[in-house]
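Hi,

Here is the structure I promised to send over.

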Amino acid sequence: MNDERAVVGERRWVNAVFGLMAWVLGLIFFFPVFWMVLNSFKTEADANTSPKLFFDPTLDRYRDVTESAGGVLSFSQAFTNSAVIVLVSTLIVLALAIPAAYALAIRPVHKWRDVLFFFISTKFLPVVASILPLWILARNFGLLNTRTVLVILYTGMNLPLAVWMLRSFFQEIPRELIEAAEIDGANLRGQLTSIILPMAAPGIAATALLCVVFAWNEFFYAVQLNPVSGSTVPIWVTSNVSTRGDFLAKLSAASVLACLPVVIAGWLAQKRMIRGLAMGAIK
Amino acid sequence: MTTVTYDAATRIYPGTDTPAVDRLDLEIGDGELLVLVGPSGSGKSTALRMLAGLEPLDAGAIRIGERDVSDVRPRDRDIAMVFQNYALYPQLSVADNMGFALKQQGVPKAERAERVRETARILDLTPYLDRKPKHLSGGQRQRVAMGRAIVRRPAVYLMDEPLSNLDAKLRVQTRTEVVEMQDRLGVTTVYVTHDQVEAMTMGDRVAVLKDGVLQQCAAPSELYHRPVNLFVAGFIGSPAMNQILVDNRRPLQVADCEVELDGPADVRLDGGEGTLTLGLRPEALRVGDGPLRARIRTVEDLGSEVFVHVALEHRGANLALVSKMPAPFTGRAGDDVGLQIVGTTYLFADDGSALGSGTGRLQAGEPSSAGRSQ
């Protein structure tokens with residue numbers, strides 16, 4: 001009895017230590033973000049002097065970064081570009097990944113393991129190694145500085161991940177349900193629309209969100225293949241770096257704006273996404 | 001008029017050599033409730049899934065009525081299936097679950113609703129029509145699964161252990177309901193279970209499978225009283241039939257007793273080689289007065305009847321037997337008792353096939369001639 005109590009007491013103590021560590025780590029990770037948000041409300045002078053917690057907050061930096069100046073990539077243009085590229089590529093990814101995942105999870109094709117490995121093997125190559133051929137191809141097809149090239153690349157970039165994730169979600173669907181639907185007379189479309197997709201909805205949402213996040217944040221392809229007119233938000237953020245004068249507060253404000261959509265989407269989808277991730281591919 | 005015919009139907013799972021279902025021949029009559037029973041791995045579920053179209057046939061054919069459905073898709077076979085875990089669509093309400101198949105068939109909405117309402121009324125599901133499956137109890141889910149099959153009015157019902165997720169009391173109650181329902185609807189039904197009590201109580205006929213091979217298909221009482229082999233004899237009946245290994249010669253010898261058997265003519269005891277198995281149902285073994293000496297190991301008093309487990313020495317090894325005695329029974333564990341045969345005695349050959357049966361009686365043997373008769 002006493003032993004048991006001692007064990008329980010010890011466990012509680014260990015849990016408390018782990019809990020504290022988790023909080024400390026969380027704060028360490030969060031601190032730069034917090035500092036960025038603080039900086040975005042400061043004047044350049046305040047931002048560039050010794051760290052200050054108390055200052056007169058101002059929205060001027062946000063005004064600075066969102067005002068469009070002639071010849072420079074504007075905030076609204078970059079956001080429109082990003083939104084279009086991200087949404088279109090994610091939709092294409094889902095349209096391709098759902099049938100692929102079905103073929104791998106529910107009605108496994110011949111040598112499905114090899115197929116699955118092939119999908120993920122496309123992620124092994126360092127991005128840098130592929131950029132030259134990609135650039136040449138893009139130039140030959142006249143796609144440099146277009147949204148199209150990024151839509152294509154982001155689709156290719158996210159597709160393996162989406163197939164893997166959706167496959168695991170589809171596998172979670174009890175086989176009997178699909179068989180029951182089959183016996184009940186549902187054809188493939190009926191099975192998909194009335195059983196598989198509704199049941200995998202949280203997983204599809206989580207997959208879509210990850211694709212959106214990865215595409216939204218992508219910088220390397222964007223800066224190499226599309227640095228001018230069709231440019232995306234990450235490029236716009238860096239455009240606030242200047243060689244003359246202070247830019248830390250401005251850059252912070254731009255970064256906050258760039259993060260906001262992803263943070264909001266993540267917060268909205270939080271519950272589903274965590275369930276999706278816990279149950280899905282990345283476990 | 002819907003019959004189901006398995007014609008040498010065979011299924012070999014990829015990557016295995018032995019068939020899961022091996023040349024199954026079975027005729028199921030119109031309106032009949034046929035139970036497929038067997039231990040796990042016997043191929044009973046596979047046989048059902050072959051009829052459903054969920055498993056392809058590697059050889060043979062399956063016919064529903066006159067139509068060969070071997071290569072027909074499940075949705076075109078006009079069957080309804082009840083799954084062990086019910087397989088209710090979790091995101092649909094009870095009404096939508098039951099109406100799902102009708103909707104796929106393009107039945108108009110009004111008729112659909114009417115048929116669902118009617119079926120729900122029969123199954124006492126009316127108050128739950130708007131609920132989702134997760135808000136139902138196990139028994140209610142089971143009824144929804146039944147309702148989903150009933151509402152379709154298919155040619156054949158397939159049931160894959162539909163009661164095994166219910167608790168014992170509910171299972172017995174539902175068993176009766178399913179039989180009544182099937183009788184009323186008169187729809188040909190194939191029912192899979194591993195529970196021999198369920199099989200015996202529900203089936204018009206029972207097909208016993210082992211290792212993918214059909215052992216015997218007969219009415220329950222025939223299976224019980226005239227098993228074709230040792231496997232069927234041992235599988236059907238609870239507690240299981242007592243099996244005693246004896247030498248293949250007359251008189252049959254159990255410990256130091258002789259078994260007098262007024263057996264039918266086809267019981268051949270050719271003497272000499274091999275052994276036979278003597279089978280005794282627990283109710284054919286009386287504990288009390290008798291020439292065969294044994295000791296009581298345990299007494300299981302069920303109230304209406306008593307299972308008495310006894311042990312004795314036979315052929316140099318310990319032999320455990322069980323007897324079903326009427327209550328009250330006064331013996332206790334450790335008591336020395338005498339055993340007598342009071343019913344049918346079965347004989348099985350070396351390979352397990354039944355040789356015949358007759359009324360047996362134990363007689364004290366000559367001590368000098370024990371195990372050495374001429």
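**The core**

The largest nonpolar core has 164 residues, and those with the most contacts inside it are A101(A), L166(A), V35(B), M81(B), L158(B), V190(B) and A207(B). Helix α7 of chain A, residues 147-172, gives the most to this core, with 16 residues. Bear in mind as you click around that this is a predicted model.

Leaving out residues up to four places away in sequence, L158(B) touches L48(B), L51(B), A52(B), I79(B), M81(B) and V190(B). Two of these partners, M81(B) and V190(B), are also on the list of core residues with the most contacts.

**Where the chains meet**

On the chain B side, 17 residues are in contact with 14 residues of chain A. Elements of chain B that give two or more residues to that side are β6 (79-82) and α2 (94-105), and α2(B) gives the most, with four residues. By class, the chain B side has 12 nonpolar, four polar and one charged residues.

**Inside chain A**

Chain A is divided into domain 1 (2-61) and domain 2 (70-279). Their C-alpha centres lie 31 Å apart. The contact between them takes 10 residues from domain 1 of chain A and eight residues from domain 2 of chain A. On the domain 1 side, α1 (2-40) and α2 (44-48) of chain A each supply at least two residues, and α1(A) gives the most, with four residues. That side divides into three nonpolar, four polar and three charged residues.

Cheers

Definitions and conventions. Residues numbered from 1 in each chain as written. Chains lettered and ligands numbered in written order. Predicted model: local features only at pLDDT ≥ 70, side-chain atom pairs only at ≥ 80, totals over all residues. Core = buried A, V, L, I, M, F, W, Y, C linked by C-beta atoms within 7 Å. Buried ≥ 20, exposed ≤ 12 C-beta atoms within 10 Å, placed from the backbone. Contact = placed C-beta atoms within 7 Å. Nonpolar A, V, L, I, M, F, W, Y, C, P; charged D, E, K, R; others polar. Domains from an automatic or database assignment.
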